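Here are my notes on the model you passed along. I went through it helix by helix and then looked at a few single residues.

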Amino acid sequence: GEGVEKDKKKELFHLEEAAIAGHPRARCNLAVLDCENGRTKRAVKHFMIAAKLGHVLSLENLKNLFIGGAVTKEDLATAIRAHKAAVDAMKSPQREAAAAFLQERI
């Protein structure tokens, strides 16, 4: 927040805890940090896991890393298939009704 000193160790600890608990956005954030620190292979693993959980931004980052040569065609294809399966698994009539309800309120 504003006016508060950032504690990078604490930030990393909580990101790792959330990622271990299955939070795809935390996994993606860890991957970004790994990319920034030159740990591309580890970042790809984090992005792959998050994409397999249905995280769109992680899939987009994998596509960009594929263009840059850091991800193989096979790995990208696997991530795309797993992402689609995760998104399809999350579809339900209740979720569609909730989305429609929220759209009406906007």
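The points below start with a helix pair and end with individual side chains.

1. First, a caveat: this is a predicted model. Please read everything below with that in mind.

2. Let's start with H3 and H5. Helix H3 covers residues 40-52 and helix H5 covers residues 73-89; they pack at an angle of about 30 degrees, with axes 7 Å apart. Angles under 35 degrees count as roughly parallel, and H3 and H5 are therefore roughly parallel to each other.

3. Which residues in H3 and H5 meet? On the H3 side you'll find Met 48, Ala 51 and Lys 52. Facing them from H5 are Asp 75, Thr 78, Ala 79, Ala 82, His 83 and Ala 86. Sorted by class, this H3 with H5 contact has 5 nonpolar, 2 polar and 2 charged residues.

4. Now H5 on its own. With 17 residues, H5 reaches 24 Å from its first C-alpha to its last, close to the 24 Å expected at 1.5 Å a residue. Leu 76, Ala 79, His 83 and Ala 86 are the buried residues to look at here. They cover an arc of only 90 degrees around the axis, so they sit on the same side of H5. Turn to the face of H5 that points away from this buried side and you get the exposed residues Lys 73, Glu 74, Arg 81, Lys 84 and Ala 89. As for partners, the buried residues of H5 pack against H3 and helix H4 (56-67).

5. H4 can be read in a similar manner. Its 12 residues should span 16 Å at 1.5 Å a residue, and the end C-alpha atoms are 17 Å apart, which agrees. Ser 58, Leu 59, Asn 61, Leu 62 and Leu 65 are buried in H4. The arc they cover is only 160 degrees around the axis, which puts them on the same side of H4. Those buried residues pack against helix H2 (24-36), H3 and H5. After H4 comes Gly 69, with a positive phi near 90 degrees.

6. H2 has 13 residues and reaches 19 Å from its first C-alpha to its last, close to the 18 Å expected at 1.5 Å a residue. Buried in H2 are Ala 26, Arg 27, Cys 28, Leu 30, Ala 31 and Asp 34. Note that Arg 27 and Asp 34 are on that buried list. The cover over these residues includes helix H1 (8-20), H3 and H4. Just after H2, Gly 38 takes a positive phi of about 80 degrees.

7. Buried means under 20% relative accessible area, so Cys 28, at 2%, is buried. Cys 35 has a relative accessible area of 30% and is partly exposed. What does Cys 28 contact, leaving aside its neighbours within four places in sequence? The contacts are Phe 47, Ala 50, His 55, Leu 57, Ser 58 and Asn 61. Cys 35, not counting residues up to four places away in sequence, touches Ala 43 and Phe 47. If you want a distance to check, Cys 28 and Val 56 are 9.9 Å apart, C-alpha to C-alpha, and 28 residues apart in sequence.

8. Have a look at His 55 too, in the loop between H3 and H4. Is His 55 buried or exposed? His 55 is buried, with a relative accessible area of 15%. Not counting residues up to four places away in sequence, His 55 touches Pro 24, Arg 25, Cys 28, Ala 50 and His 83. His 55 and Val 87 are 32 residues apart in sequence, yet 8.7 Å apart in space, C-alpha to C-alpha.

9. Last one: Arg 42, in helix H3. At 39% relative accessibility, Arg 42 counts as partly exposed. Beyond residues up to four places away in sequence, Arg 42 touches Glu 16 and Asp 34; Asp 34 is one of the buried residues of H2.

Conventions
Residues are numbered from 1 along each chain as its sequence is written. This is a predicted model: local features need pLDDT of at least 70, side-chain atom pairs count only at pLDDT 80 or more; totals for chains, interfaces and linings use all residues. Side-chain values use heavy atoms; hydrogens and water are left out. Axes are lines fitted to C-alpha atoms, for helices over the stretch in contact, and angles run from 0 to 180 degrees between N-to-C directions. Helices (H or I, at least four residues) and strands (E, at least two) are DSSP runs, numbered from the N terminus. Angles under 35 degrees count as roughly parallel, over 145 as roughly antiparallel, 65 to 115 as roughly perpendicular and the rest as oblique. Contact means heavy atoms within 4.5 Å. Ala, Val, Leu, Ile, Met, Phe, Trp, Tyr, Cys and Pro count as nonpolar, Asp, Glu, Lys and Arg as charged, and the others, Gly among them, as polar. The expected span of a helix is 1.5 Å times one less than its number of residues. Buried means under 20% relative accessible area, exposed over 50%, partly exposed in between (1.4 Å probe, protein chains only). The arc is that of the directions from the helix axis to the C-beta atoms.
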